[in-house]
Amino acid sequence: MLKNRVIAVIILRYGEVVQSVQFKHTNVIHTDPAYAVNCFSKWNADEIVLLDVSRDRERREIFLQSVEKLSKTCFVPLAVGGWIKTTDDIKEVLSLGADKVIINSEAVRQPDFIEKVAKRFGSQCIVAGIDYRRNSAKEPTVFIDRGRENTGINVKSWAKEVEKRGAGEIFLSSIDNDGMRCGFDIELMKDVSDEVSIPVIAFGGALTANHLAQCLEETGVDAVSAANMFHYSENSMRKMKRTLKQKGLNIRF
Amino acid sequence: MTIAIIDYGLGNVKSVANALAALDIDSVLTSDQQKLADVEGLILPGVGAFGDGMDNIRDMGLYEVILREVKDKCKPILGICLGMQLLADGSDEFGAHEGFGFIPGWAKRLTPSARSFKVPHIGWNDIEVTIQEPLFNSIEETPDYYFVHSYYFEAKNESDVSAWCDHGGRFAAAVQIDNVFGVQFHPEKSQKAGISLLKKFYGFVKSC
């Protein structure tokens, strides 16, 4: 039986691992991302996501070097996101050892981008990243450009649209919950998961094993992911997965 | 003793090379005909469409050399994911295509029994091993491997299937005949269980 995945997200700004709180990145957690990947890989993460949240492309080289270095010891799937704007950007990170790319802003800006690259690299390689906030009426709305630009697009209809265009998975990220340690946005994770037939990865707000368990039990997402929580205690991934397993969840342990 | 990872322009071949490097196995990432003839074992990786894969292999002049090395010289080959499906007679993915025909069968689209079984089949799934030697000997019970695919290998003879997986219906997780092996999952992305399988393939190559 297919397992639910527990995914470790590593957020890099100019090559350093940073903590993310509602998409603001103030604290540096490690200066060497290889350390984090080695730990997560050893601790049994099912997949690793690397996000480049640098504000400009100036020091992109540092991030690319990290991808290459990390992929050498990462024997679980590695997805890379941030600054993926062209076919060449995708070719570049794949050639450095990434297995998938996460495409976010560019999917909105270039309407045919997802379709084009899904044909070229296969849907399995293309993850649509959807960042969203709830507006004053609590309606979830898609944001791009690292949470800075409100597109006004409804999250559920956008999820349906990226599926139609050929995305193989959706990385669904709540900006409001990010770093707030309040658990996932259960309602929306469920809504989107019900709406599409491709796998959904939930991100944003998890601090405890209960948060991960609740999302898996109540929403139908395929995978749960977290960043900050895995950095601060030794062997956190393994402990977390043990708890999920004990709760009867379908987890690789 | 060198393994050639056949680079025919599809998928992340680098990760296979990284996994072999971690095992201290000498490998070369190549599309050079002479190198394919010189090495002791072949790995045919690949992710993507069957037709594109076979077209690339033919366009790069690799079809005949792979056929000769595997069929005539009995060189061990391990097909991974799309590489496994290319070992079949053909596929009906986006129109009919012909494969290598090393293992009788056909690549077909997954049609799970319920909507809750999503396609592509992405993630970690356990397998049931039916033939242990040489790739699955002394493994833990129902290990998990990482899969990502929309098509599967429908083997003509069930006796060629060395492991089964279930995703709203049973399909071949691994096939083998003599020197030809195929795995639907990605050993290079399946952590310890996968790395150990690559090591066993290398052991088989050494024993030839």
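**A loop residue and its chain**

Tutor: C74(B) is found in the loop between α4 (63-72) and β4 (77-80) of chain B; helices (H or I, at least four residues) and strands (E, at least two) are DSSP runs, numbered from the N terminus. Please keep in mind that this is a predicted model, in which local features need pLDDT of at least 70, side-chain atom pairs count only at pLDDT 80 or more, and totals for chains, interfaces and linings use all residues. Residues are numbered from 1 along each chain as its sequence is written, while chains are lettered from A and ligands numbered from 1 in the order in which they are written.

What stands out in the backbone is the phi of C74(B), a positive value near 55° in a residue other than glycine. C74(B) counts as exposed because it has 12 C-beta neighbours inside 10 Å. The scale works with C-beta atoms placed from the backbone: 20 or more others within 10 Å make a residue buried, 12 or fewer exposed, and anything in between partly exposed.

Now for the chain around this loop. Of the 208 residues of chain B, 53% count as buried. Chain B has six helices and 13 strands. Its radius of gyration is 16 Å, close to the 17 Å from the globule rule for 208 residues, so chain B is as compact as a globular protein of that length. That radius is taken over C-alpha atoms, and the rule is 2.2 Å times the number of residues to the power 0.38.

Two other loops of chain B deserve a look too. P120(B) lies in the loop between β7 (105-109) and β8, and a cis peptide bond with omega of about 0° joins V119(B) to P120(B). P134(B) belongs to the loop between β8 and β9, and the bond from E133(B) to P134(B) is cis, with omega near -5°.

Finally, the partner chain: 27 residues of chain B are in contact with 25 residues of chain A, where contact means that C-beta atoms, placed from the backbone, lie within 7 Å. On the side of chain B that touches chain A, α1 (14-22), β8 (121-129), β9 (144-149) and α6 (191-207) each supply at least two residues. The largest share, six residues, comes from β8(B).

Note on methods. Contact = placed C-beta atoms within 7 Å.
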